Amino acid sequence: MATKKLRRAGLSQELCDRLSRHQIVTCRDLLSLSLLELMKVTGQSYQNVQKLLCKVSLACAPKMQTAYEMKMKRAINSSPAFLCTTLDGLDRALHGGVACGSLTEVTGPSGCGKTQFCLMMSVLATLPSRMGGLDGAVIYIDTESAFSAERLVEIAEHRFPNYFGREEKLFSMTRNIHLYRELTCDSVQKRIETLEEEIISKKVKLIIIDSVASVVRKEFDMKLQGNLMERSNFLAREASLLKYLAEEFSIPVKPCAVSVSLDLEQCTLLCEIKCPQINGRKSVTVHHAPALRLTNKLFSTSHENL
């Protein structure tokens, strides 16, 4: 993707440092410049700048894969295929849990337990693999200021009293959950665009957005002409970025140092979308992007167990 940092595009450290002094740090920054501008910034010849543009373009462009290559890549991956929810009925319905390496959408009316479900999944992702967790960190993007650290600790202590009976375990769990409060569509978009290196450096295994609908409804008045198209474009861009993170890190993210050759661990993307069509209101969805869409009908009868 165009937001990939240049140092991950195979450029020399010296060239990356020189470009960064001109605020050119991503593939998009470099590709938006003309040949003459790049010649001035890099001090290289016309031919070398052309080669540089070609190299960066190839680094950020989606790579072609055959169906066989995709199948073999998944077959040799030793990371967990699912993140177990610990809700027996839901795990049976999902054939093991929330699929790793994919985008999952959670929907349902207000108060049905979507945020509680996301908090529970955050706890589970930090657990060691021997307990069914992903043994990694979590990025939690909160758009409604609904995240509660106290509730997170309560859920952890209630569901796993033996494991979280020691204070150091609770400290380790909470330290591995990285919270960002983003209250506008633009800030959510920018945060997602900068997640790639955080995923790698912090060994992130789960990304949660709670929720996409909150910022969309605040900023896009559907009574105004043209807002429907703008809203759809925003959701499409956001879904595309999230799917890229899942598939790039493979998705293994492996959805994560900074070398793309590292064997990163697998990650799940859990995108919470609140309130599909309820009481006559238009739904806010990311259309066909999610590999899985959960509704409150699947887990609302079980969320009291959280």
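**View 1. K5 and the residues it touches.** Leaving out residues up to four places away in sequence, K5 touches V25, T26 and E197. Contact here means heavy atoms within 4.5 Å. K5 belongs to the segment before α1. With a relative accessible area of 25%, K5 is partly exposed. The cut-offs are these: buried is under 20% relative accessible area, exposed is over 50%, and partly exposed lies in between (1.4 Å probe, protein chains only). T194 is 189 residues from K5 in sequence, yet the C-alpha atoms of K5 and T194 are 9.2 Å apart in space.

This is a predicted model, where local features need pLDDT of at least 70, side-chain atom pairs count only at pLDDT 80 or more, and totals for chains, interfaces and linings use all residues. Residues are numbered from 1 along each chain as its sequence is written, and side-chain values use heavy atoms, with hydrogens and water left out.

**View 2. The whole chain.** The chain has 14 helices and eight strands. Both are DSSP runs, numbered from the N terminus: helices are H or I with at least four residues, strands are E with at least two. Of the 306 residues, 47% count as buried. The chain exposes about 15600 Å², and carbon and sulfur atoms supply 52% of that area. The areas come from the Shrake-Rupley method with a 1.4 Å probe; for residues, only the protein chains shown count as cover.

**View 3. Helix α4 and its two sides.** Helix α4 covers residues 46–60, 15 residues in total. At 1.5 Å a residue it should span 21 Å, and its end C-alpha atoms are 22 Å apart, which agrees. The expected span is 1.5 Å times one less than the number of residues. Buried in α4 are V49, L52, L53, V56, A59 and C60. Seen down the axis, these buried residues fall within an arc of 130°, so they line one face of the helix. The arc is that of the directions from the helix axis to the C-beta atoms. They pack against α1 (13–20), α2 (27–31) and α3 (35–42). The face turned away from the buried side carries exposed K51 and L58.

**View 4. The largest nonpolar core.** This core has 31 residues, and F160, F164 and M173 have the most contacts inside it. A nonpolar core is a set of buried Ala, Val, Leu, Ile, Met, Phe, Trp, Tyr and Cys residues joined through side-chain atoms within 4.5 Å. α7 gives the most to this core, with eight residues.
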